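Student: Can you walk me through this one? I'd like the fold, then the packing, then a few side chains.

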Amino acid sequence: MSIQQVAKCSFQAGREHVENRNMEASGRPSSSRTDINSARVEEIIKRDRRVTVHEIASELDLSYGNVQRIVTYELRYSKVCARWVPRALSAEHKQILSNQPC
């Protein structure tokens, strides 16, 4: 059905606007990748660098895919030696990691 047909049917039914009247949907948000969730994920990774995406997802009650996207694309971590390590290591990161056992 075209947009024009939908608008015509809506206006014939007595509506004055075509916008979605129910702006606040109930239930789970459309995206779990918020700043708060990113901060929570980063906190878990800093607490235990050997944690898995699956463990983070179950702890925060988020989907595996959303946690994976937060870790790899937003926080830019990758797994090295079974630990989460930032992709672009700064001098400070290198110093901290060199003092920890693998």
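Tutor: One cut-off before we start: buried means under 20% relative accessible area. Keep in mind that this is a predicted model.

Student: What does its side chain reach?

Tutor: The side chain of threonine 72 reaches the backbone oxygen of glutamine 68, at 2.7 Å. Leaving aside neighbours within four places in sequence, threonine 72 is in contact with Tyr77 and Arg87.

Student: Let's step back. What is the order of elements in the chain?

Tutor: From the N terminus on, they run α-α-α-α-β-β-α. That comes to five helices and two strands.

Student: How much of the chain is buried?

Tutor: Buried residues make up 26% of the 102 residues. As for contacts with a separation of 6 or more, 48% are between residues 24 or more positions apart.

Student: Now the strands. In what sense do β1 and β2 pair?

Tutor: Strand β1, residues 77-80, pairs with β2 in the antiparallel sense, over four bridges. The two form a hairpin with two residues between them. Cysteine 81 is in that turn and has a positive phi of about 55°.

Student: Which residue is the bridge partner of lysine 79?

Tutor: Tryptophan 84, in β2.

Student: Switch to α2. What span should it have?

Tutor: Helix α2 covers residues 35-47, which is 13 residues. At 1.5 Å a residue it should span 18 Å, and its end C-alpha atoms are 18 Å apart, so the two agree.

Student: Which of its residues are buried?

Tutor: Asn37, Ser38, Val41, Ile44 and Ile45. They cover an arc of only 125° around the axis, which puts them on the same side of α2. The face turned away from that side carries the exposed residues Asp35, Ile36, Glu43, Lys46 and Arg47.

Student: What do the buried ones pack against?

Tutor: The buried residues of α2 pack against α3 (53-60), α4 (64-74), β1 and β2.

Student: Last one: glutamate 74. Where is it found?

Tutor: Glutamate 74 is found in helix α4. Its relative accessible area is 40%, so it is partly exposed.

Student: With which side chain does it make a polar contact?

Tutor: The side chain of glutamate 74 makes one with the side chain of serine 38, at 2.6 Å. The two residues are 36 apart in sequence, and their C-alpha atoms are 7.6 Å apart in space. Serine 38 is one of the buried residues of α2.

How values were computed
Residues are numbered from 1 along each chain as its sequence is written. This is a predicted model: local features need pLDDT of at least 70, side-chain atom pairs count only at pLDDT 80 or more; totals for chains, interfaces and linings use all residues. Side-chain values use heavy atoms; hydrogens and water are left out. Two strands pair if DSSP finds at least two bridges between them. The expected span of a helix is 1.5 Å times one less than its number of residues. Buried means under 20% relative accessible area, exposed over 50%, partly exposed in between (1.4 Å probe, protein chains only). The arc is that of the directions from the helix axis to the C-beta atoms. Contact means heavy atoms within 4.5 Å. A polar contact is a pair of N or O atoms within 3.5 Å; within protein, one must be able to donate a hydrogen and the other to accept it, and residues adjacent in sequence count only if both atoms are side-chain atoms.
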